[in-house]
Each structure stands twice: as structure tokens, then as C-alpha cells.
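Please look at the sequence and the three-dimensional view before reading the points below.

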Amino acid sequence: MPRVDNEPVLRFVAKTERLILVALLLMLLVVVAVGAIELAFNIVSTLLKPASWESIYGAAALFKIFEFFFVVLIGVELLETVRIYLEEDVIHVEVVLLVAITAVARKVIVLDLSKYEPLTVIGLALLAISLCGGYFLLKRAQARIGMGKRNVEP
């Protein structure tokens, strides 16, 4: 059977994939920027309300701000993941683990223990321990083979 030249098809798929990734990156950038602006607006408007000085220090208000902050932070981490993939065509496990750890940390920080079954809380704890353990093992393996630090130019 004669061999078919797949190179044009593969180039088309690669270019389409890159175009989709750029579009996703731009959309995510807009969402994260809007989220950061909304977070800043919420903080400033809460501080400027005369009656809010008592409520800003309440646990519920602080948890709401922390939750929103972590959502924006997770968005920034996702931006970094897609940006690195576009630059290097490689998914860095370290960055993906950091995004996952940040997401679990966000959940733990805003967790209302009265709303969850004990097994759910234990599962979340095991998830956090597993992700942090995986990150630790990854960094240890990188240190052993001399990849401890990425080369980042200013």
C-alpha cells in the first residue's frame, strides 16, 4: 500500500491548535482582567461605605474577599500555564500542580465545615496532601537531575 503524505494535514492541525490556544488565552485574559477589576471595585466600595467598617472585619466578608481573590489568582495561574504551553509546546507539570494546589487551598480557606460530611472534608484533606506530596516529589526529582530552577530572563 502506498504511503500517504500526512505532513500538510499535521501542519494544518498544529496551526489550528495554536490559533485555538491563542483565542483561549485572550478570552481568559479578559475574564481575569474583569475579575481583578471587579475584586478591586468590591474592596474599595466596601471600604467607602460608612456602615461597612464593622462588616468588613467580619469573617463572612473576609472569606468572600479571599474567595474572590483566589478565583482571580487561579485565573492568573491558568494564564501562565497556557502562555508557557504556547511558548514551549510543553505542558509543565509543576505549573499545573501549582494551579491545582491553589484551587484546593481556595476551597479549604472558604470551606464551611457545617455544610459538608466528614468524609468529604477528609477527601479534600487527602487531595491537598496528595497534590503537595506530588509537588514535593517533582521538585526533589528536578533537583536530582539539575532542573531545580527554570531559566527566566527579565
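The points below treat the helices, the core, the surface and the aromatic rings in turn.

This is a predicted model, in which local features need pLDDT of at least 70 and side-chain atom pairs count only at pLDDT 80 or more, while totals for chains, interfaces and linings use all residues. Residues are numbered from 1 along each chain as its sequence is written, and side-chain values use heavy atoms, with hydrogens and water left out.

**Overall architecture**

- The protein contains five helices and zero strands; helices (H or I, at least four residues) and strands (E, at least two) are DSSP runs, numbered from the N terminus.
- Along the sequence, the pattern reads α-α-α-α-α.
- Of the 154 residues in the protein, 19% are buried; buried means under 20% relative accessible area, exposed means over 50%, and partly exposed lies in between (1.4 Å probe, protein chains only).

- Helix α1 covers residues 7-48, and its 42 residues should span 62 Å at 1.5 Å a residue; the end C-alpha atoms are 61 Å apart, which agrees. The expected span of a helix is 1.5 Å times one less than its number of residues.
- The buried residues of α1 are Leu 21, Leu 25, Val 32, Gly 35 and Leu 39.
- Helix α4 (residues 93-109) has 17 residues and reaches 24 Å from its first C-alpha to its last, close to the 24 Å expected at 1.5 Å a residue.

**The nonpolar core**

- Leu 21, Leu 25, Val 32, Val 72, Leu 79, Val 82, Tyr 85 and Leu 86 form the largest nonpolar core, which has eight residues. Such a core is a set of buried Ala, Val, Leu, Ile, Met, Phe, Trp, Tyr and Cys residues joined through side-chain atoms within 4.5 Å.
- Helices α1 and α3 each supply at least two residues of this core, and the largest share, five residues, comes from α3.

**Individual residues of helix α3**

- Leu 78 lies in helix α3 and counts as partly exposed, at 34% relative accessibility. Leu 78 and Val 32 are 46 residues apart in sequence, yet 9.6 Å apart in space, C-alpha to C-alpha.
- Ile 84 also belongs to helix α3 and counts as buried, at 2% relative accessibility. The C-alpha atoms of Ile 84 and Val 95 are separated by 9.1 Å, and the two residues are 11 residues apart along the chain.

**The surface patch**

- Leu 62, Phe 63, Phe 66 and Ile 109 make a nonpolar surface patch of about 320 Å². Helix α3 (residues 59-88) gives the most to this patch, with three residues.
- Patches are made of residues with over 30% relative accessible area and no salt bridge, with like charges joined within 9 Å and nonpolar side chains (Val, Leu, Ile, Met, Phe, Trp, Tyr) within 5 Å. Phe 63 is partly exposed, with a relative accessible area of 40%.

**The aromatic pair**

- A search of the whole structure finds one aromatic pair. The ring centres of Phe 69 and Phe 70 are 5.9 Å apart and their planes are at 85 degrees, so the pair is edge-to-face.
- Rings of Phe, Tyr and Trp (its six-membered ring) pair if their centres lie within 6.5 Å; planes under 30 degrees apart count as stacked, over 60 as edge-to-face and the rest as tilted.
- Phe 69 is partly exposed at 43% relative accessibility, whereas Phe 70 is buried, with a relative accessible area of 16%.

Methods. Accessible areas come from the Shrake-Rupley method with a 1.4 Å probe; for residues, only the protein chains shown count as cover. A salt bridge is a side-chain nitrogen of Lys or Arg within 4 Å of a carboxyl oxygen of Asp or Glu.
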